[in-house]
Amino acid sequence: IADAVGITKAGIYHHVKSKQDLLFAIMNFAMVRLEIRVIAPAQAIADAEQRLRAILRNHSLLIIEGSDPEGYSPLTVLNDEMAGLTPAHRRKVQQRKRVYLDLMRDTLRQLKDEGKLKDVDATVAAFSLFGMLLWLSRWYRPDGRLTGEEVANEIEKIALGGLLRPQARLSRT
């Protein structure tokens, strides 16, 4: 960060009080990106299947586009470094993450109510989808065999193939 903005490492602490505050700022940045690129667009989609497709695609692309060559992105930090936050900061981040979990779980429950979801627990399915999405930063490489769009398509196919009843998957628009 210091190199990127042209200051010394010690100079960072003129702008940020502590390493924990810096970590919280990075996580806040990640949550804002997630809210703008994934959560808000998904909340605007009434159809549960289309909402789930949008969540999977937008979250995949956000990770793919935001990863450096080693696979690190603000979203990776958001997932991996919660223990480094102060209790107050951790609660704030967890509350924001809960909104996303609730959106995913409610989407899956709506699909279940519509008879489109296989016989799976919505909470387990939601956490499993997040696990699949978050692991993407560990293995995706921009110079790999598949483009980011192709990887996002594959993730969507795998996730929906495991969750939706066959007749529901045929209704793609």
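**Burial, rings and a helix**

Visitor: Why is His-89 called buried?

Guide: His-89 has 12% relative accessibility, and buried means under 20% relative accessible area, with exposed over 50% and partly exposed in between (1.4 Å probe, protein chains only), so His-89 counts as buried. Bear in mind that this is a predicted model, where local features need pLDDT of at least 70, side-chain atom pairs count only at pLDDT 80 or more, and totals for chains, interfaces and linings use all residues. Residues are numbered from 1 along each chain as its sequence is written, and side-chain values use heavy atoms, leaving out hydrogens and water.

Visitor: What is His-89 in contact with, leaving aside its neighbours within four places in sequence?

Guide: Gln-20, Asp-21 and Phe-24, where contact means heavy atoms within 4.5 Å.

Visitor: What makes the pair of Tyr-100 and Phe-130 tilted?

Guide: Ring centres within 6.5 Å make a pair for Phe, Tyr and Trp (its six-membered ring); planes under 30 degrees apart are stacked, over 60 edge-to-face, the rest tilted. Here the centres are 4.7 Å apart and the planes at 55°, so tilted it is. Tyr-100 sits in helix H6 and Phe-130 in helix H7, 30 residues apart; helices here are DSSP runs (H or I, at least four residues), numbered from the N terminus.

Visitor: Why is H4 called largely enclosed?

Guide: Because 16 of its 19 residues are buried.

Key:
Helices (H or I, at least four residues) and strands (E, at least two) are DSSP runs, numbered from the N terminus.
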